[in-house]
Amino acid sequence: MNVIFAAALSSSAQGQTASSGTAPFPEAPPTSTAPAIVAISSQALPGLATDYVLPSISTAVAAEPPPGVVPRPWVIGDIKADGLKNTKLSTVRGAIKARKGDLYDRPDLDKDIQSLLGLGLFERVGAEIVLLPNPVPEHFRKVAGSDRQVLLNFIVKERPVIRKILFQGQKKLSRGALSDLLALKNKDPFDRTKLDEDREKLIAKYREKGFLDAAIEPEVRTDTKTATVELVFQVVEGPKSRIELVEIGGVAAFKRKVLLKLLKNRRKKVYFAKDVPDDIAKITAHYKNNGFLDVAVSSPLVTLSADKTRINIALGVTEGRSYRFGKTTFEGNLIYTSSELAKAVEYREGRIFNQEKFEETIRGIQELYSDRGRLRTRINPVKTFDARVDRMNVLYEIVEGPISYVGHVDVEGNKATKTHVLRREIVIKPGDMFRSSRVRRSIDKIRNLGFIDDVDLDLQQTPSDQDKVDLTFDVAEGKPGMLTAGAAYSSLDGLIGTLSLQHLNLFGRAQKASIQWSFGKRVQDYSLSWTTPWLGSHPTSLGFDVYNTRRINPFDTSLSAYVERRTGGSIRLGPRFDEDKYQLNLTYGLARISIQNVQEQFKGSLSEGTSIQSSFGAELARDTRDSIWDPARGTRHGIGVLLSGGPFMGDIHYFKPSLTNQGHYTLFTVEDWPFVVSAYHRGGYVTQFNETKIVPVQDRFFIGGQDSLRGYSPSGEAGFPQGGKIYSVANVEFGFPLARERKKTIVKFVAFVDAGGAWDRARDVTGRIGPDRRDIKTDIGFGLRFVTPAFPIRLDYGYGLNHRDGERLYQINFGLGPLF
C-alpha cells in the first residue's frame, strides 16, 4: 500500500483544524511511480488521543514545501470508510464534499473531517490517501499532483449507539413522562454531556412533583462488540412532601385568606424555594397598593416534618400605617406646563395611595418627555407627609435634559423576510428627533404584517455622538404559511367544513396569498387571493381576488328561499398616507351572478336569471388601531361608496354609500393581559337607477346572523324581511384573553351586545326597540375568538331580546375573519 497522506482528529479537537501543527502536503512530481510517503503523526494533531493509532501510517512528518511552491490537488478514484458498525457509508458520503472523479485538496480534507465530527456520530475521525493504479483523466493531468488517482479512506471510531433506556425504582412518575424529558433517545449516539443534562431534568421533575429528596444515578452498560450502550436510570424517589400550613403573622388590615391567595407556595401545593421572593413581592405590592408604604415582610421560616412529608411556612408582616394621596406638584419643567403633566397622573387627591398608579405616573411623564426627544430626562419623585391634612404630597423634580436624535436604524432577527420589507415599515428615520410615539407606531406596523410574532427594541447611545441613539428592531418571525382544515356548526348554515392554504410572507416580501374552500349543505365556496402591501417604494397595496361561490340564501321567512351562484373577481388598489393613518381603498369587481331554484311562494318577488355586475368601490378611512388583527387601542372610521353599472356597464345599476366606525379601549391590564372594550357601528343605503327598477335581492341589506345581530336568524327575524335599503347596526364587545403567546392573544373570550335594524324606506326608520319589523332589535351573548392572522375564527352564542312568538330565542354563529 502506498500511503501518501494521513490525518486524524478526535471529537475533542472540534473547533480546531485538522492541519494544526502539520505540514501541508507537498507538490508531487508530475510523473512518479512511487511517491514519497507523507504522513502526520498523532502527536502533531491537537486533541488526538495517543492510544488511537491510524493503521499503516508512518510517524514521519513531511517537511515544509519550498517557498513559492503551491500544493497541488489529488484526483479521487474511490471513497471508503473503515470502522463503521452502526453508521452507513452513505451517511459518511452525504456529509463530505469529496466526490469520485473530483479534484480534492488539503483544505477540503480538513472541512470534511470537521463535517464528519459535526454529525455527532464519531469520537475520532482519521483519513488516509492511498495511490491507486488508475491513471488521472487527461483533463486533470496539468493540475493534479500525481498521474494516478487516489483512494480517500476515512478511519473512524464511532460513538456507541443507545440500544435501550430503562428506569428502575420509579413508581410515582410513569416511564413515558420521564422518557419525554430526555434529550437522549434510542438509536442516538451516546453523549456523556447530554446524559448529565438529562439527569438534572429528571431530578427537577421530581422536585416539581414534591419529591425533594429524590436521587437519580445513571448507569451506562457498554457492549464493545456491537458498539452499543444500555442506559439505566436508578431512581430513589423518597417521600413526597406538600405544604401543610402557611402562617402570616402581624396581619390586621386584611383577611389572611386574601394574602394567602396571592402566594404560589400555599397549602396543599408543592414547595418551591425559587417562588419565595415572588411571594414576598406580591404581599408587599398588595400592601403598597392599598396605602401601606412602610410595610415590611420578613423572610419565611420553612420547617420540614421528621418524615419529610409536611412543610410549614411562617411569614411575619409589619404593616405600618395607611396613607392617602395629597397634592401633586412639578418642579423644573419647562417644555410642558404643570397642567399638561397633570394629565399623566394616574391617581386622584384623597384616594388611598397606590404604588402601582404612582409608578405608572412616573412612566407616563417619562413617555411625554421621550416623545419630545428628551430621553435623558430624570424624574425624582419626593414624597412628603402633611400631618395637618393627613395626606402624602408628591413633588416630581424634573431635569429635562438635551434632545436626542436618531443615529442608525437596524433590523435584526429576520431570516425568511428580506430586510427592506421590515425597514420600510419603520417610520422613524436616521437624523430624526427621537419620538417614542413614532417608535411605537413602527413596532405596530411591523406586527401588523401578520407573520411577526414579536418585536423588541434595543436602544443604545451612538458611540461617536452622545446626542444620538441607535435603534435596533429585533424581530421574531412566526410561521407565515399555514394549511388548515376544520369544521364548525352554525344555526343558519349547519355543519360547515373549511380547507385553507395561506401564506402571509410569500418570497420573503410580505405578499399574502390564499386558497380557500368552504363546503357544506348550504355552502360551496372556492376563492383565490393575492396581495402585495407595497408597490416598489410606495405604500400602496395591490391585490386581486377570484371566486366561485354557491349559497342557499334566506329571504323573508324562509331560510332556503333561493340559490345564488356567483363567479368573478376583483382588483384592489390601496394607497396609504401619513404613516398608514389614512387609507384610500379602490376596488373594481366583475361578477356573473345567477339566481336559481327560487321557492314557489317567492317567485312573485324574486326572479330567476343571470346578470353581469360591473362595479367600482372607493373608501376613505382613518385608522389609528394598534393592531389590525386584535386591536387593544385606537379607532377606525371609514366612508365609502359602491357604484354598480352606470359608466362601468353591466346589467345591474345601483348606488350604495356606507359608513363604518370602530373604537377600542383597554379598560385595564393584568400583567400583560389586556381587558378591552370594543364598539362597532356600520350603516348604509342603496338605491337603483337606469334600467334597474328594483335593487337586486343579493345587494339589499339583510341583518341577523354571524356578522350583525347574532341573536337572530337572517330569515326575516330582524329588519325588513325582503331586504332593506337602509340599515344600521351597532355592536359592543368586552373581551379578555384566555391564552397568549409572545404578547399576542391566541384565544379570547368575549361578551357582546348588538342592536340594529334594516328598513325599506327612510320614513320607516324608528328609534323604538321592540319585536315589530320596523323596530330596532337587540341581543346579548358570548363567544370565543381564535386570533390568528392566517385564519381568524369567531364562534358566538347570541340570545335575542325582542323575538316574536314562535321564533327561536337563540342562534349559534360561526364566522371567519373580524366582525367587519
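Reply: A quick term first: helices here are DSSP runs of H or I with at least four residues, numbered from the N terminus. Keep in mind that this is a predicted model.

The largest pocket holds about 2,000 Å³ of space. Its lining takes in 47 residues, and the closest to the centre are R440, R633, T666, T669 and D672. Where does the largest share of that lining come from? Helix 8 gives 7 residues, the largest share, and this helix runs over 355-370. Other elements that each put in at least two residues are helix 10 (436-447), strand 17 (452-461), strand 28 (654-670), strand 29 (673-685), strand 31 (726-741) and strand 32 (744-759).

Now for the surface. A nonpolar patch sits there, with about 990 Å² of accessible area together, and its members include L483, W517, F519, Y526 and F544. Strand 21 (511-520) is one of the strands that supply at least two residues each, and its 3 residues are the largest share of the patch. Strand 20 (494-506), strand 22 (523-532) and strand 23 (540-555) also supply at least two residues each. L483, for its part, is found in strand 19, residues 481-490. L483 counts as exposed because its relative accessibility is 66%, and the cut-off for exposed is over 50%.

Methods:
Residues are numbered from 1 along each chain as its sequence is written. This is a predicted model: local features need pLDDT of at least 70, side-chain atom pairs count only at pLDDT 80 or more; totals for chains, interfaces and linings use all residues. Side-chain values use heavy atoms; hydrogens and water are left out. On a 1 Å grid over the protein atoms alone, a cavity is a set of points where a 1.4 Å probe fits but cannot get out, and a pocket is an open set with protein on both sides within 12 Å along at least five of seven lines; lining residues have an atom within 4 Å of a point. Grid points are joined across faces, edges and corners, and a volume is the space filled by probe spheres set on the points. Patches are made of residues with over 30% relative accessible area and no salt bridge: like charges are joined within 9 Å, nonpolar side chains (Val, Leu, Ile, Met, Phe, Trp, Tyr) within 5 Å. Accessible areas come from the Shrake-Rupley method with a 1.4 Å probe; for residues, only the protein chains shown count as cover. A salt bridge is a side-chain nitrogen of Lys or Arg within 4 Å of a carboxyl oxygen of Asp or Glu. Buried means under 20% relative accessible area, exposed over 50%, partly exposed in between (1.4 Å probe, protein chains only).
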